[in-house]
Amino acid sequence: MAAVTRGSFSVFRRLLSQQYRRRCFRPQSFRSEPSVQSSVFTCERSLRRVSWRTLHTAIVNYGPIVQFKLSDIGEGIMEVTVKEWYVKEGDKVSQFDSICEVQSDKASVTITSRYDGVIRRLYYEVDATALVGTPLVDIETESGSEVIQEEDVVETPAMAREEHTHQEIKGHKTQATPAVRRLAMENNIKLSEVVGTGKDGRILKEDILNYLSKQTGAILPPAPIQEIQPPPPAPAAMATKPQIPMATKPIPAMPKPVFSGKDVTEPLKGFHKAMVKTMTAALKIPHFGYCDEVDLSRLVTLRKELQTFTAAQGIKLSYMPFFIKAASLGLLHFPILNASVDEACQNITYKASHNIGLAMDTAQGLLVPNVKNVQVLSVLEIAQELNRLQSLGAAGQLGTSDLTGGTFTLSNIGSIGGTYAKPVILPPEVAIGALGKIQVLPRFDSLGQVTPAHIMKVSWSADHRIIDGATMCRFSNMWREYLEQPERMLLHLK
């Protein structure tokens, strides 16, 4: 009862105060002395001044707080791992400032802000799993800034296309003119997946057309290429100068293992989680294995001669461009190796493009980026694309377009060590090859003389449901002949 009485008295007192102010602040209600009336007006002006100042402060410092949600990044990805935060609570951010880096089972993505304001809350710790459609951060927006409220839905790919400027593959800025953006939108291309060749990484119209040709297999008119000029001959004085042996490269120190004495259990995330799905699906495929060896002596000599010219163009020439091009030439004769089957194994799809993947060992785990449309590329162009993929892989910046769409795979296990392997097919592909290290071994030549030869072992795996052993053997023989006589490849280059 006492509580009810106190509550009623508070309400009554508030009503009296409001009525008193209303009467006091009306000039016509005053009939007191001029000094009293002047004091009341002074009080009114002070209250108004304080009121406006308080309101102004509230507008500047206390804008609406919006939840910035994780949008759909495509490829059916529903969750990502937060790898790094670029902001903390209390930091001020502007539009397009980087907020965090997340990693899916396909690529690393940098999330950028679409608001101006102050970070008020981070919803996830580092290495935590974030779900698509859930809030990442709370941003207190500044007054006067346009705030677009987000709906609590997971974006469809069409919606994500409109927001792709706020989600960009790490290391690539989506800088482009409106005409280029319109061209990308008309062809359903995300600018974040296109590597710009303009100034400061700006995406040009040619970049969109080249990206489109790689996706569709269309052959565009070749761009003018500067003629490769051989390096100038060394002066006579330098030629007669005795060669000084180069110092051997020091072997990097191996980090010491840390023994904690405790078992550690952690959930599978990112690329490791993707590997579980892929390898589990691969167990359903009956693998047929085939092994052979290749004499690369002539290729070793040819590559050594060509390295001088490719180095002048800033391109590193390894053996892989030759292996990949030889595989593409073989796939033209055995298209079933560049095919895929449905889950019920009732239909075969023969792929028009030779998107040949290269298994790559990175700090994030095993990744398999692929070179698109090898059938229309030269060895030099393949080498240039491999340089790009290897640079992005080492930096953890491979995009979704680089890691998807493969039709055939080569695994260069020999770059680490080993001769033979048993490669596992990557569904929905139907064949894969593992390349061993190159060894100098004694072999008999055509005259019966023992000579040193550069020998590489190769191991093939094929889906035995649709590929028989004879087909795999004939393909391997043709691939080997191209590499043992590399000049034969010139007859088939376009």
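**Entry 1: helix H10.** I started with H10, which has 16 residues and reaches 22 Å from its first C-alpha to its last, close to the 22 Å expected at 1.5 Å a residue. The expected span is 1.5 Å times one less than the number of residues. Helices (H or I, at least four residues) and strands (E, at least two) are DSSP runs, numbered from the N terminus.

I note that the model is predicted, that local features need pLDDT of at least 70 and side-chain atom pairs pLDDT 80 or more, and that totals for chains, interfaces and linings use all residues. Residues are numbered from 1 along each chain as its sequence is written, and side-chain values use heavy atoms, with hydrogens and water left out.

I then looked up which residues of H10 are buried (under 20% relative accessible area; exposed is over 50%, partly exposed in between; 1.4 Å probe, protein chains only). In H10 they are Val379, Ile382, Ala383, Glu385, Leu386, Asn387, Leu389, Leu392 and Gly393. Just after H10, I found Gly396 with a positive phi of about 70°.

**Entry 2: the whole chain.** I stepped back for the totals. The protein chain holds 12 helices and 18 strands. Of its 494 residues, 38% are buried. I also looked up contacts (heavy atoms within 4.5 Å). Among those between residues at least 6 apart in sequence, 64% join residues at least 24 apart.

**Entry 3: helix H9.** How many of the 14 residues of H9 are buried? I count 12 of the 14 as buried, so H9 is largely enclosed by the rest of the structure. The buried residues are Met320, Pro321, Phe322, Phe323, Ile324, Lys325, Ala326, Ala327, Ser328, Leu329, Gly330 and Leu331. For length, 14 residues at 1.5 Å each should span 20 Å, and the end C-alpha atoms of H9 are 21 Å apart, which agrees.

**Entry 4: H9 against H10.** I looked at how H9 (residues 320–333) meets H10 (residues 379–394): their axes come within 9 Å and cross at roughly 120°. Axes are lines fitted to C-alpha atoms, for helices over the stretch in contact, and angles run from 0 to 180 degrees between N-to-C directions. H9 and H10 are therefore oblique to each other. Angles under 35 degrees count as roughly parallel, over 145 as roughly antiparallel, 65 to 115 as roughly perpendicular and the rest as oblique.

H9 passes H10 in a right-handed crossing; that is, the near helix is turned clockwise from the far one by less than a right angle, with anticlockwise being left-handed. On the H9 side I listed Met320, Pro321, Phe322, Ile324 and Lys325 in the contact, and on the H10 side Val379, Ile382, Ala383 and Leu386. By class, this contact has 8 nonpolar, no polar and 1 charged residues. Nonpolar here covers Ala, Val, Leu, Ile, Met, Phe, Trp, Tyr, Cys and Pro; Asp, Glu, Lys and Arg are charged; the others, Gly among them, are polar.

**Entry 5: H9 against H12.** I turned to helix H12 (residues 469–484), which packs with H9 at an angle of about 135°, the axes 9 Å apart. That makes H9 oblique to H12. H9 passes H12 in a right-handed crossing. The contact uses Phe322, Phe323, Ala326, Ala327, Leu329, Gly330, Leu331 and His333 of H9, and Phe475, Met478, Trp479, Tyr482 and Leu483 of H12. I sorted the residues of the H9–H12 contact into 11 nonpolar, 2 polar and no charged.

**Entry 6: after H12.** Glu487 is in the segment after H12. At 36% relative accessibility, Glu487 counts as partly exposed.

Entry 7: Where is Ala282 placed? I located Ala282 in helix H7 (residues 270–282). Ala282 is buried, at a relative accessible area of 2%. Leaving out residues up to four places away in sequence, I see Ala282 touching His287, Val424, Ile425 and Pro427. Ala282 and Leu426 are 144 residues apart in sequence, but 6.5 Å apart in space, C-alpha to C-alpha.

Pro428 lies in the loop between strand S16 (408–411) and strand S17 (431–444).

**Entry 8: positive phi.** I checked two residues other than glycine. Asp127 has phi near 75° and lies in the loop between strand S6 (117–122) and strand S7 (129–131). Asn373 has phi near 55° and is in the loop between strand S15 (370–371) and H10. Are these buried or partly exposed? Asp127 counts as partly exposed at 38% relative accessibility, whereas Asn373 is buried at 2% relative accessible area.
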